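Open the model in your viewer and keep the sequence panel beside it. The stops below say what to select and what to look for there.

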Amino acid sequence: VPRAEPAPPPAAGLPARGVKGALLVGVSDFTHAQGGESGKNNLEGVTRDMQTVRTALGDLGVEQQRLLWLYNAEATTAGVRAALAKLQAQTAPDDLV
């Protein structure tokens, strides 16, 4: 049985120039989406997961000012569209998003 080659690191083949950016969107509060019973359908751990991803992205070279973070009430359709527009406006051709 042939062995699969190990996968290259995620940045393999990508240009080293430019800056890195990201948009994180997390929702843990589903009170209003589920009809109102407070806390019944909420997700635990979303904040911790987002902080873990934020730290990992920082370790990969994403500058904190280029990391957009939308959480709960900010994570609306309008909020995501505005964050994507902001990210697009500050992104150059050689950047990695």
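Which residue meets Arg66 in a salt bridge through its side chain? Select Asp95 and Arg66: their side chains form the salt bridge, at 3.6 Å from N to O. A salt bridge here is a side-chain nitrogen of Lys or Arg within 4 Å of a carboxyl oxygen of Asp or Glu. By this rule the count comes to 1 salt bridge. Asp95 lies in the segment after α2 (77–89) and Arg66 in the loop between α1 and β2 (67–71), so the pair links distant parts of the chain, 29 residues apart. Helices (H or I, at least four residues) and strands (E, at least two) are DSSP runs, numbered from the N terminus. Both Asp95 and Arg66 are buried. Buried means under 20% relative accessible area, exposed over 50%, and partly exposed in between (1.4 Å probe, protein chains only). Side chains of opposite charge can pair when their charged atoms come close.

Before the next stop, some notes on the model. This is a predicted model, in which local features need pLDDT of at least 70 and side-chain atom pairs count only at pLDDT 80 or more, while totals for chains, interfaces and linings use all residues. Residues are numbered from 1 along each chain as its sequence is written, and side-chain values use heavy atoms, with hydrogens and water left out.

**The whole chain**

Show the protein chain as a cartoon and follow the elements from the N terminus: they run β-α-β-α, which comes to 2 helices and 2 strands. Of the 97 residues, 20% count as buried.

**The largest nonpolar core**

Select Ala22, Leu24, Val46, Met50, Leu57, Val62 and Leu67, the 7 residues of the largest nonpolar core. A nonpolar core is a set of buried Ala, Val, Leu, Ile, Met, Phe, Trp, Tyr and Cys residues joined through side-chain atoms within 4.5 Å. β1 (22–26) and α1 (46–59) each supply at least two residues of this core, and α1 gives the most, with 3 residues. In soluble globular proteins, nonpolar side chains tend to be buried together.

**Helix α1**

Which residues of α1 are buried? Select Val46, Met50 and Leu57. Seen down the axis of α1, the buried residues fall within an arc of 35°, so they line one face of the helix; the arc is that of the directions from the helix axis to the C-beta atoms. What covers them includes β1 and β2. Now turn to the face away from the buried side, where Arg48, Thr52 and Asp59 are exposed. Check the length as well: at 1.5 Å a residue, the 14 residues of α1 should span 20 Å, and its end C-alpha atoms are 20 Å apart, which agrees. The expected span is 1.5 Å times one less than the number of residues. Just after α1, select Gly61, which takes a positive phi of about 100°.

Select Ser28, in the loop between β1 and α1. Why does Ser28 count as buried? Its relative accessibility is 9%. Leaving aside neighbours within four places in sequence, Ser28 is in contact with Asn42, Leu43, Val46, Tyr71 and Asn72. Val46 in turn touches Gly26, Val27, Ser28 and Tyr71, again not counting residues up to four places away in sequence. Asn72 sits in the loop between β2 and α2 and has a positive phi of about 50°, although it is not a glycine.

**Helix α2**

Select Gly79, Ala83 and Leu87, the buried residues of α2. They cover an arc of only 70° around the axis, which puts them on the same side of α2, and they pack against β1 and β2. On the other side, Thr77, Ala78, Arg81, Gln88 and Ala89 are exposed.

Stay with Ala83, which has 9% relative accessibility. Not counting residues up to four places away in sequence, Ala83 touches Leu23, Leu68 and Leu70.

Leu84 and Ala22 are 62 residues apart in sequence and 9.5 Å apart in space, C-alpha to C-alpha.

Note on methods
Contact means heavy atoms within 4.5 Å.
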